[in-house]
Amino acid sequence: MEFFIYQQINQLHERSELDKVYFIAAYMYIEQKQVNFSINEIVNYLINSNYNKPNISRLRRNLKADKRFNSIGEKFCLSPKEIVYLKDKVIYEDFITIESNSEFLDESLFPENYSYLIKLVKQINASYKNNLYDATAVLIRRVFEILLIKTYQQLGIDDEIKKGDGYVSLEKIIDNALLNNKIKFSRSKRELDNVRNIGNFAAHKIEYNTNRNDLNKIKDSYRAIVEELLIKSGLK
């Protein structure tokens, strides 16, 4: 599997000393599942990659001063903030590329730094293009639910839709959203329920098969819903 960090590792010669350490640490964390690293490990990595050996005392001092790192005894690790950043920013590229071109939903609506959403939207479009309509319907529902939850999180009111360690059903989230003065949804209950139902039917109705016409009926309103939620959720 190739991904964004590999590109950064291959361009280390263009980076500052601390940036080199940062991307090496990111590579260790993501690819090798190594949380902590020592100065010696970083130095050896740099030397083995044909870079000059850094001044160890200076490097240790600079790492302690850099907010991207936390020190743990004689070792260092990426800060929690950087871990979250990497999980959002790193764009994974599977061996099998998802070939899509906004067949159902405009991919340019979605910010590139949210790779998990981009991948879902590409799957929606690829499924639609290849006549996999039940798969399209389920994915449409999933993106809709994610954007609704992200909207509640952005507004700091997601406690209203939580249940234990998770969230209430999508139906209950929709009911709350339509009455919630902080969200101020402009779409109708019928439009939102249509998106929910098409996904529910595809996933749970035993003798039901989604067809192209089912999807085309909600295509325009779905785009409008998604665009509104992207703005309300702060993703766009």
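**Entry 1: getting started**

I take contact to mean heavy atoms within 4.5 Å. With that in hand, I looked up where helix α2 meets helix α4. Glu17, Leu18 and Val21 in α2 meet Arg58, Leu59, Asn62 and Leu63 in α4. Sorted by class, this contact has four nonpolar, one polar and two charged residues.

I keep in mind that I am reading a predicted model.

**Entry 2: the whole chain**

I counted the elements next: the chain has 10 helices and seven strands. Of its 236 residues, 43% are buried. I also checked how far along the sequence the contacts reach. Taking contacts between residues at least 6 apart in sequence, I found that 61% join residues at least 24 apart.

**Entry 3: how confident is the model?**

The average pLDDT of the chain is 86, and 90% of the residues score at least 70. Which elements have the lowest and the highest mean pLDDT? Strand β1 (residues 2-3) is the lowest with 38, while α10 is the highest with 96. I noted two stretches to read with care. Residues 1-7 stay under 50 in pLDDT, and the model gives them 23 contacts beyond four places in sequence. Residues 91-95 are also below 50, with 15 contacts in the model beyond near neighbours in sequence.

**Entry 4: two helix pairs**

Two packed helices are described by the angle between their axes and the distance between the axes. I went back to α2 (residues 17-32) and α4 (residues 56-65) with this in mind. Their axes come within 11 Å and cross at roughly 70 degrees. Angles of 65 to 115 degrees count as roughly perpendicular, so α2 is roughly perpendicular to α4.

Which residues of α7 meet α10? Among them are Tyr133, Ile140, Phe144, Leu147 and Gln154 in α7, which meet residues of α10 including Arg212, Ile218, Tyr222, Ile225 and Lys232. By class, the contact of α7 with α10 has 14 nonpolar, three polar and two charged residues.

**Entry 5: Val195 and Arg141**

I then looked at valine 195, which lies in helix α9. Its relative accessibility is 0%, so valine 195 counts as buried. Leaving out residues up to four places away in sequence, valine 195 touches Ile140, Arg141, Phe144, Ile218, Tyr222 and Ile225. Ile140 and Phe144 belong to α7, and Ile218, Tyr222 and Ile225 to α10. Valine 195 and isoleucine 218 are 23 residues apart in sequence, and their C-alpha atoms are 7.2 Å apart.

Arginine 141 was on that list, and I found it in helix α7. Is arginine 141 buried or exposed? Buried means under 20% relative accessible area, and arginine 141 has 19%, so it is buried. Apart from residues up to four places away in sequence, arginine 141 touches Leu170, Val195, Arg196, Gly199 and Asn200.

Leucine 86 is in helix α5 (residues 80-89). This leucine is buried, with a relative accessible area of 3%. Leucine 86 and alanine 26 are 60 residues apart along the chain, yet their C-alpha atoms are separated by 7.8 Å.

Asparagine 125 is in helix α6. This asparagine counts as buried too, at 0% relative accessibility. Which residues does asparagine 125 contact, leaving aside neighbours within four places in sequence? They are Ser100, Ser102, Glu103, Phe104, Leu105 and Glu107.

Most residues other than glycine have a negative phi.

Serine 102 is partly exposed, with a relative accessible area of 29%.

I found lysine 184 in the loop between α8 (170-179) and α9 (189-204). Is lysine 184 buried or exposed? Lysine 184 is exposed, with a relative accessible area of 63%.

Key:
Residues are numbered from 1 along each chain as its sequence is written. This is a predicted model: local features need pLDDT of at least 70, side-chain atom pairs count only at pLDDT 80 or more; totals for chains, interfaces and linings use all residues. Side-chain values use heavy atoms; hydrogens and water are left out. Axes are lines fitted to C-alpha atoms, for helices over the stretch in contact, and angles run from 0 to 180 degrees between N-to-C directions. Helices (H or I, at least four residues) and strands (E, at least two) are DSSP runs, numbered from the N terminus. Angles under 35 degrees count as roughly parallel, over 145 as roughly antiparallel, 65 to 115 as roughly perpendicular and the rest as oblique. Ala, Val, Leu, Ile, Met, Phe, Trp, Tyr, Cys and Pro count as nonpolar, Asp, Glu, Lys and Arg as charged, and the others, Gly among them, as polar. Buried means under 20% relative accessible area, exposed over 50%, partly exposed in between (1.4 Å probe, protein chains only). pLDDT is the predictor's confidence in each residue, from 0 to 100.
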